[in-house]
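User: Could you walk me through reading a model like this one? I would like the general idea for each feature, then the case at hand.

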Amino acid sequence: MSEPAGVSIESVLVANRGEIARRVIRTARRMGIRAIAVYSEADAGLPYVREADEAVPIGPAPAARSYLDASAVLGAAQRTGAAAIHPGYGFLAESAEFAARVIDAGLTWVGPPPPAIEQMGDKINARNLMERAGVPVAAGSREPVTDVAAAVAEAGRIGYQVMIKAAAGGGGIGMSAAASEAELRAGFETARSRAERFFGSAAILLERRIEPARHVEVQILGLTDSSVVALGDRDCSVQRRHQKVAEETPSPGVTPGLRAQMLAAAVRAGEAVGYRGAGTVECLVDPQAQDFVFLEMNTRIQVEHPITEMVTGIDLVEQQLLIAAGEDVSSALSSVKNEGHAVELRVYAEDPRRFLPSPGVITEWAEPTGPGIRVDAGYAAGNEVTPFYDPLLAKLCVHGASRAEALHRARAAVDAFRIAGPKTNLPFHAELLDSDEFASGSYDTSVVARLRT
Amino acid sequence: MAEVRAEMVANVWQVVASEGDQVADGDTLVILESMKMEIPVLAEGPGTVTKMAVSEGDVIQEGDLIAVIE
């Protein structure tokens with residue numbers, strides 16, 4: 001890790017919880033920045049709360065009344081004299097409105113400018129912008145699809161199969177597929193009401209379905225001088241219910257030539273929105289054709305960022321804080337090389353067979369240790385995993401000089417990780433690592449489904 | 001006759017099948033939301049939905065009846 005330059009941010013409030021709050025607090029404190037935590041009534045006992053320099057209770061367990069309550073978070077920032085707010089991922093991280101309120105309150109927002117958040121939050125607008133910037137997109141809607149007749153016409157133009165997505169959505173939530181006009185007609189109204197309920201907007205986008213596909217994303221940093229750098233790719237194809245379960249870098253399914261194209265496109269994408277800070281350009285790769293299309297841009301740090309840190313030696317949260325402070329970080333990045341291979345296994349509180357949530361009190365917690373092993377954990381023994389938040393317990397991240405070494409170390413680490421109380425998906429990770437398909441590196445987004453047939 | 005019951009505390013996010021519908025093995029009956037995830041509840045065999053016991057927005061407990069398929 002590079003020695004931080006004199007950082008002008010005095011303090012940062014981390015508007016999040018669990019493992020990401022803990023991780024941001026750790027880097028902030030290492031940089032000499034006073035770290036302020038916020039917590040709901042359900043999270044008072046979690047490690048991040050006691051590891052912060054100061055912790056402020058912000059409401060009862062439901063996220064809408066605590067972590068999503070912008071006024072409560074801003075109130076906590078004002079009471080503690082926080083100079084900056086880091087939103088983590090999820091919650092308010094991609095709320096352009098919240099970012100604007102933070103800035104209007106005279107605080108430093110550790111994230112991209114609100115217009116970039118807004119532009120990328122509208123998936124149709126994001127696609128159009130990317131297309132104009134010369135970034136490939138799948139055949140799809142250039143305007144919101146408002147009724148079933150328009151949907152049918154649009155699908156005729158795009159060609160089946162089509163994905164039906166919420167234009168204001170993201171993260172794989174609420175998507176459905178249609179293989180024919182009949183299926184589209186049957187599913188369209190459901191998709192609209194779902195989009196309205198979950199994202200506050202009924203606007204629908206149709207996109208050509210790519211199958212089989214690998215989900216490969218690129219980490220970018222938008223620097224203070226407005227330049228954008230791409231740090232590397234991550235393969236996130238191991239998913240259940242469209243949610244990522246494991247990620248690795250570099251993607252074993254991407255040739256060097258394709259990688260170079262994707263990184264260059266990600267830089268163009270960042271430049272097209274005037275990006276600042278850490279962001280990720282998510283793409284779908286057609287493994288047979290070895291081409292790619294833009295899917296969405298996430299205007300925040302991602303859950304799986306540690307694997308990029310492990311191969312580059314860069315602390316991405318440190319970069320976020322330095323960039324937010326207006327520091328010039330380009331010299332630290334000019335000599336970035338990707339070394340070795342890293343994999344992240346998301347440890348979820350869910351049963352390993354059917355992936356159904358399993359909240360409860362943690363009665364035992366023993367992390368694996370050893371060369372190349374990093375565990376970002378949100379919980380400890382004695383904590384309660386409650387149903388109010390996502391089921392992520394910890395991220396088991398493993399680096400090796402080669403993919404084989406990384407996976408070998410990861411397999412041993414999975415056995416050594418002991419969590420009792422809630423069920424966990426550690427046995428699933430053992431199965432994944434033992435599977436021929438994953439070991440070969442030639443897998444796609446259906447790999448988990450195939451392990452469960 | 002098969003009673004489809006909830007396996008965890010969840011919100012009923014979407015009711016997909018209606019009373020009177022014919023369903024096949026694997027058809028989605030309802031979609032639950034729990035811990036920020038969408039969890040489909042599927043029919044485990046063919047039949048007719050003779051009862052849909054939940055509505056969108058309901059909070060259900062482990063063991064609560066979701067539907068009856070005959």
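**Reading the model, feature by feature**

Analyst: Let's begin with burial: Phe355(A) counts as buried because 21 C-beta neighbours lie inside 10 Å. The cut-offs are these: a residue is buried with 20 or more other C-beta atoms within 10 Å of its own, exposed with 12 or fewer, and partly exposed in between, the C-beta atoms being placed from the backbone. As for conventions, this is a predicted model, in which local features need pLDDT of at least 70, side-chain atom pairs count only at pLDDT 80 or more, and totals for chains, interfaces and linings use all residues. Residues are numbered from 1 along each chain as its sequence is written, while chains are lettered from A and ligands numbered from 1 in the order in which they are written.

User: Where does Phe355(A) sit, and what is its phi?

Analyst: Phe355(A) is in the loop between strand S14 (341–348) and strand S15 (360–361) of chain A. Helices (H or I, at least four residues) and strands (E, at least two) are DSSP runs, numbered from the N terminus. The phi of Phe355(A) is near 60°, a positive value in a residue other than glycine.
His242(A) also has a positive phi, about 65°, and is not a glycine. His242(A) lies in the loop between strand S10 (228–240) and S11 of chain A, and is partly exposed because 14 other C-beta atoms lie within 10 Å.

User: Which peptide bonds are cis, and what are their omega values?

Analyst: Here omega is the angle to read. Tyr160(A) and Gln161(A) are joined by a cis peptide bond with omega about 5°; Gln161(A) belongs to the loop between helix H7 (148–158) and strand S6 (162–166) of chain A. Another cis bond runs from Thr249(A) to Pro250(A), with omega near -10°. Pro250(A) is in the loop between strand S11 (243–249) and helix H9 (256–272) of chain A.

User: How should I read a pair of strands?

Analyst: Two strands pair if DSSP finds at least two bridges between them. In chain A, strand S12 (residues 277–286) and S13(A) run antiparallel and are joined by seven bridges. They form a hairpin with four residues between them, and Gln290(A) in the turn has a positive phi of about 50°. Val281(A) stands opposite Met297(A), which is in S13(A).
In a regular strand, side chains alternate between the two faces of the sheet. As for burial, strand S13 (residues 291–298) of chain A is mostly covered, with seven of its eight residues buried.

User: What does Tyr443(A) touch?

Analyst: For contacts, the test is whether the C-beta atoms of two residues, placed from the backbone, lie within 7 Å. Not counting residues up to four places away in sequence, Tyr443(A) touches Ser237(A), Glu437(A) and Phe438(A). Tyr443(A) is located in the loop between helix H15 (436–440) and helix H16 (447–451) of chain A, and counts as buried because it has 24 C-beta neighbours inside 10 Å. The C-alpha atoms of Tyr443(A) and Ala213(A) are separated by 8.9 Å, although the residues are 230 apart along the chain.

User: Could we step back to whole chains?

Analyst: Gladly. Chain A has 16 helices and 20 strands. The radius of gyration of chain A is 21 Å, close to the 22 Å that the globule rule gives for 453 residues, so chain A is as compact as a globular protein of that length. That radius is taken over C-alpha atoms, and the rule is 2.2 Å times the number of residues to the power 0.38. Of the 453 residues in chain A, 53% count as buried.
Chain B has zero helices and eight strands. Its C-alpha atoms fill a box of roughly 30 × 15 × 15 Å, taken along the principal axes. Buried residues make up 36% of the 70 residues in chain B.

User: How many residues of chain B are in contact with chain A?

Analyst: 10 residues of chain B are in contact with 10 residues of chain A. On the chain B side, the largest share, three residues, comes from strand S5 (residues 37–42) of chain B.

User: Finally, how confident is the predictor?

Analyst: pLDDT is the predictor's confidence in each residue, from 0 to 100. Chain B has a mean pLDDT of 90, and 100% of its residues reach 70 or more. For the complex, the predictor gives an ipTM of 0.72 and a pTM of 0.92.
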